[in-house]
Amino acid sequence: MQSPADILKDIWTTAGGEAAALDRVRLTGTEPQIPSSFRVAVAGQATIAAVGLAAAEIWRLRSGQMQDVTVDMRHAVAECRSERYLRLDDKPPPPAWDAIAGVYRTGDGRFVRCHTNFPHHRDAVCKVLGCEAEREKVQAALMQWKGEDFETAAYAAGGVVALMRSYDEWSALPQARALAELPLLSIEKVGEAPPKPWPKGDRPLAGIRVLDLSRVIAGPVAGRTLAAHGADVLLVSGPELPAIPWLTIDTGRGKLTTFIELKSEAGRAQLRALLKDADIFSQGYRPRALAALGFAPEEVATISPGIVYVTLSAYGHAGPWAERRGFDSLVQTTTGFNHAEGEAAGIEAPKELPAQMLDHATGYLMAFGAMMARARQTREGGSWHVRVSLAQTGRWLWNLGRLDGGLNTPDITGEAVHAAFIESMPSGFGTLKAVQHSALLSKTPAQWSRPAMPLGSHPARWPVRT
């Protein structure tokens, strides 16, 4: 079983990082930290450490100064569950899930998971089942369905659901075989452009402009992390787009936020104008959704030569499920994690991982890939495309191995997290208490210099570079 240092080394060197830089990283803490048969704690620590090391290396390129990076495993785990520890005016989060979200039995004795936190996804499930949005009625209707048939029909109707599969069942699917051919993250050149020098600034990403077109957890965590190292992150949403308010607050730290209506030509013109001065374009829309609006990677590289374009998907960019919608909980369900955790716990039902680790680890990998690609752009020129997916991260997590007795580990208490890792800050919502960033840099400590604000609070323009 690989050590945390070796896991970090693999991530770092695969993305082109120089092995000598790893000598400046200190990883503290021991597994497992939280109850799971999977190595979720080290997955969080390693991906956060990769981002921290990328920030330190960029600072070395910009300033000539070396610095050390320390990541504690317990702090990293807390950050990978940041949404549950957030407090707004000392109030805890509301229930995380819609009333009919969750696991159901089907008529053939299988389990399916429905993700209905967005109204249009809930409506799609109810339309396919022909029932009202009440848990008992959904369960009764699903007893008339085979699990896989419902999964197929719900996706066709615009819903997001997942049949619980064992790892062996998942591995036999064409989509799993397609993913096996892909790296954890890919960085590919998609256009020619001269090298862009680093702007002046006193943080690793000072003056770097990031357009963040993402929702829920993974993509927003990437933007939040880039902001922690000094980037100007502009979150682009729309007044009609559904959002999950608590997640928006937690991942909004450090960001500006604006509304642009991308379905209108005027809105698309606004986005093109922002792109001309952007360094990183990070998006989590379904494949081809932005391409249909004129913002495919190659088109964005034409609008903004030298751009780093980051794409997040649920199931990867290759294979028959490349277009399929998905969230962390669904990818856990369909790729074998919930089945395996249930078996390890001795129950004949799905059991979730103790964190949305596919989301959080993928978010850190997005930020890491963006930073490594931006550094490469300064060295070599070109426009670059970074691709990650929840399922690729899941495959990597699975391959890290299992922990015997890991499910018997006592969970970290909220009291322990609040005593050790929480900072208080003002926001546009009230006083926030939230988890600090867990990658500790010795010369350029991570910090969020802008408060979380309600969506659409800022104009669609970049701040002046100081």
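The side chain of Arg268 reaches the backbone oxygen of Leu262 at 3.0 Å, in what is a predicted model. Arg268 has its place in helix 12 (residues 265–275), and it is buried, with a relative accessible area of 17%.

**Around Arg268**

- Leaving aside neighbours within four places in sequence, Arg268 is in contact with Glu261, Leu262, Lys263, Leu293 and Phe295.
- Arg268 counts as buried because its relative accessible area of 17% falls under 20%.

**Aromatic pairs**

- A pair of aromatic rings is described by the distance of the centres and the angle of the planes.
- A search of the whole structure turns up 11 aromatic pairs.
- In one of them, the ring centres of Trp170 and Trp321 are 5.7 Å apart with the planes at 55°, so this pair is tilted.
- Trp170 belongs to helix 8 (residues 167–171), while Trp321 is in the loop between strand 12 (308–313) and helix 14 (328–334); the pair links distant parts of the chain, 151 residues apart.
- Trp170 and Trp321 are both buried.
- Phe337 and Trp398 make an edge-to-face pair, at 5.3 Å centre to centre and with 70° between the planes.
- Because Phe337 lies in helix 15 (residues 337–345) and Trp398 in helix 17 (residues 390–399), their pair ties together parts that are 61 residues apart in sequence.
- Phe337 is buried, with a relative accessible area of 1%, and Trp398 is buried too, with 15%.
- Phe337 and Trp398 also belong to a cluster in which ring pairs link them with Phe38 and Tyr167.

**Charges over rings**

- Arg253 lies over the face of Trp448, at 4.6 Å from the ring centre.
- Arg324 has its charged end over the ring of Tyr155, 4.2 Å from the centre of that ring.

**Nonpolar cores**

- The largest nonpolar core has 119 residues, and those touching the most other members are Ile11, Phe150, Leu226, Tyr315, Phe368 and Leu397.
- Helix 2 (residues 40–63) gives the most to this core, with 14 residues.
- Leu397, again leaving aside neighbours within four places in sequence, is in contact with Arg39, Val40, Ala43, Phe337, Leu353 and Leu358.
- A second, separate core of 21 residues includes Ile260, Ala278, Leu290 and Ile303.

**Helix 17**

- Eight of the 10 residues of helix 17 are buried, so this helix is largely enclosed by the rest of the structure.
- The buried residues in helix 17 are Leu390, Ala391, Gln392, Thr393, Gly394, Trp396, Leu397 and Trp398.
- Leu397, one of these buried residues, is also among the core members that touch the most others.
- Just after helix 17, Gly401 takes a positive phi of about 105°.

- Three strands form an open, antiparallel sheet in the order 3-15-14.
- Strand 3 (87–88) and strand 14 (422–425) are the edge strands, each pairing on one side only.
- Strand 3 pairs with strand 15 (residues 432–435) in the antiparallel sense over two bridges.
- Opposite Leu88 stands Leu432 in strand 15.

Notes. Residues numbered from 1 in each chain as written. Predicted model: local features only at pLDDT ≥ 70, side-chain atom pairs only at ≥ 80, totals over all residues. Heavy atoms only, no water. Phe/Tyr/Trp six-rings, centres within 6.5 Å; stacked < 30°, edge-to-face > 60°. Helix = DSSP H or I, 4+ residues; strand = E, 2+ residues; numbered from the N terminus. Buried < 20%, exposed > 50% of the residue type's maximum accessible area, 1.4 Å probe, protein only. Lys NZ or Arg CZ within 6 Å of the ring centre and 35° of its normal. Pairing = 2+ DSSP bridges. Core = buried A, V, L, I, M, F, W, Y, C linked by side-chain atoms within 4.5 Å. Contact = heavy atoms within 4.5 Å. Polar contact = N/O pair within 3.5 Å; in protein donor to acceptor, adjacent residues only side chain to side chain.
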